[in-house]
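Colleague: I am new to this structure and would like to learn how to read its features one at a time. Could you take me through them slowly, giving the general idea wherever there is one?

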Amino acid sequence: MLDNTTRSDRLPAAPGVGYKPQHFAQILEHAHPVAWLEIHAENYMGDGGRPLAQLRHLSEQFPISVHGVGLSIGGEGPLDTDHLARLKHLVGWLNPASFSEHLAWSTHDSHFLNDLLPLPYTDATLSRICDHIDLVQESVGRQMLLENPSSYLAFEESTWSEPDFLREIARRTGCGLLLDVNNVFVSATNLDFSPQGYIDAYPLDKVGEIHLGGHDEDEDDHGHALLIDSHGREVVDPVWALLDYVLERSGPKPVLIEWDTDVPDWPVLRAEAERAQAALDRVPA
Amino acid sequence: MSVSQTTFHTALLDPSAAIPDGLLDSAAQPAGRRFSVYRNNVAVSLTEAMHQAFPVITKLLGQKNMDGLSGIFLRKHPPSSPLMMFYGEKFPDFLGGMEQLSHLGYLADVARLELALRRSYHAADSEAAPADALALPPEDIMQAKLGFAPSMHILRSGWPVFSIWRFNTEEDAAKPQPGPEDTLITRPDYDPVPHLLPVGGADWIAAIQTGQTIGGAFEETAAQFPEFDLGATLALLLQGGAITSVTIERLAT
């Protein structure tokens, strides 16, 4: 395990950003108000080289959140035990402040599809996901956070609402939740529900981390707004307003800015983090 | 109506497949175009991964042709693991098997070089032997065995693959001339660097990797390639930090 015991072992209730290697030098020079970093676990599963060297260095100065994008927790088949072992290895080596994954599937029939795919919310999927999360938490040896998805469509067979489904998963498995506020806004727009209503129903006491990101705008076949979670631009004003709505009810939380495509220069990303800091400053501790 | 992941998966990868029943929009109508968001995400993200993985192939073929080829490739060979850093392992053979590309016979080996560069980038770290590790009496050098860094790779080709790679990545590089080229990849720091190996260099390194001594491997290589330049080959390896250990086995006296 790395010797990074001097820094906090929890994510602070402060802004963080998704780490991009092109920002390495500037983060070391001028991070403020960015107080922690998140990495995509799969990008750090090589045997060595620059990615792991940079991560080692950053972990000496910042709490790190390991965010998996490839475990396919919502998959119909069993979890990929090789991948689980890789996660265990990375988490064991890095001793991160947080570990999270998605309510989604991405692997089927040994094909990894490199996208977070949706699943119906039924008693059967609930029990399968809980089994998978039990196995993950047992294997990795710590609590994980589960993130709500962006939805573009609904399943006819679903019998649970998403907040209730997540609440029940957290209750059964003891996992925490990662609340992606942009995803709530995207899904609410696409599927015509109230984002505030979703937040009111959501178990905010389980939230260990909040995500914010930019989305693209499109339309479906009937001219209905169709927002796409692209992580390729600034967070829009209504999502910032929804963050305020969340923080008023949850109190201060670690807030992450995700920007994964068309990655901007560091000052632009840092400005988003400043906006998150301002939102946190408005919340009584 | 329940939608299995098998059905979802099939429809994702086949744009001509019907959109599965049981997927709805906000008015409980069939999802239609909304399903295409997932189709598009999968195709675009994997195509983008191919561009990043094979920049020289992309340059040689042009962006549009690479998009088209990636579209065929990703449906035939979707990633088999979430480690996207290694995606495209089957791309060289795929390129080599494309009849329409048979006039560009070198493409497969250029793709192999790009794959090897990525593997080198992510290979385990190792400590290079000191620069004077081979400052030894000649008879000792000939008795020495070498260990190589995990980041070292060799690519042998009947095509001028090193020159093609350089011509497409460096300004003012010489135009490739026909003929075979063997490429050595070393990673002195964190960035892999390809080098053109002298004639016989790849054979000599292969002999060392089977556990032969420098001298034994040299005799074998020089018998086949009298012009083999051992000094130049060793210099490339040493300067690239590719030699991690020098062990001298002396006969018991």
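Predicted model: local features only at pLDDT ≥ 70, side-chain atom pairs only at ≥ 80, totals over all residues.

Colleague: Is S72(A) buried or exposed?

Modeller: A residue is called buried if 20 or more other C-beta atoms lie within 10 Å of its own. S72(A) has 27 other C-beta atoms within 10 Å, and is therefore buried.

Colleague: Which element holds N114(A), and what is the value of its phi?

Modeller: N114(A) belongs to strand β6 (residues 111-117) of chain A, and its phi, near 55 degrees, is a positive value in a residue other than glycine. N114(A) counts as buried because it has 24 C-beta neighbours inside 10 Å.

Colleague: Where is the cis peptide bond that involves P33(A)?

Modeller: The bond that runs from H32(A) to P33(A) is the cis one, and its omega is near 5 degrees. P33(A) itself lies in the loop that joins α1 (24-29) to β2 of chain A.

Colleague: How should I read the pattern of buried residues in a helix, and which residues of α2(A) are buried?

Modeller: The general idea is that an α-helix has 3.6 residues a turn, so residues three or four places apart point the same way. In helix α2 (residues 50-59) of chain A, the buried residues are L52(A), L55(A), L58(A) and S59(A). Viewed down the axis of α2(A), these buried residues fall within an arc of 125 degrees, so they line one face of the helix.

Colleague: What do the buried residues of α2(A) pack against?

Modeller: Their packing partners are β2 (36-40), β3 (64-67) and α3 (81-94), which belong to chain A.

Colleague: What sense of pairing joins β3(A) to β2(A), and to β4(A)?

Modeller: β2(A) and β3(A) pair in the parallel sense over four bridges, with E38(A) standing opposite S65(A) in β3(A). β3(A) also pairs in the parallel sense with strand β4 (residues 98-102) of chain A, over three bridges, and there H67(A) stands opposite S100(A) in β4(A). The crossover from β3(A) through α3(A) to β4(A) is a right-handed β-α-β one, and β2(A), α2(A) and β3(A) likewise make a right-handed β-α-β unit.

Colleague: Which strands form hairpins in chain A and in chain B?

Modeller: In chain A, β11(A) and β12(A) form a hairpin with five residues between them, and G223(A) in the turn has a positive phi of about 80 degrees. Strand β11 (residues 215-219) and strand β12 (residues 225-229) of chain A pair in the antiparallel sense over five bridges, and D218(A) stands opposite L226(A) in β12(A). In chain B, β4(B) and β5(B) form a hairpin with six residues between them, and their antiparallel pairing runs over four bridges, where L184(B) has H195(B) in β5(B) as its bridge partner.

Colleague: How is an interface described, and how many residues of chain B are in contact with chain A?

Modeller: The size of an interface is often given as the accessible area lost when the parts come together. Here the description is by residues: 40 residues of chain B are in contact with 37 residues of chain A. On the side of chain B that touches chain A, α2(B) supplies the largest share, ten residues, and the residues of this side divide into 24 nonpolar, twelve polar and four charged.

Colleague: Which strands pair between the chains?

Modeller: Strand β8 (residues 154-155) of chain A and β1(B) pair in the antiparallel sense over two bridges, and A154(A) stands opposite L24(B) in β1(B).

Key:
Residues numbered from 1 in each chain as written. Chains lettered and ligands numbered in written order. Buried ≥ 20, exposed ≤ 12 C-beta atoms within 10 Å, placed from the backbone. Arc of directions from axis to C-beta. Contact = placed C-beta atoms within 7 Å. Pairing = 2+ DSSP bridges. Right-handed = clockwise from strand over helix to strand, strands pointing away. Nonpolar A, V, L, I, M, F, W, Y, C, P; charged D, E, K, R; others polar.
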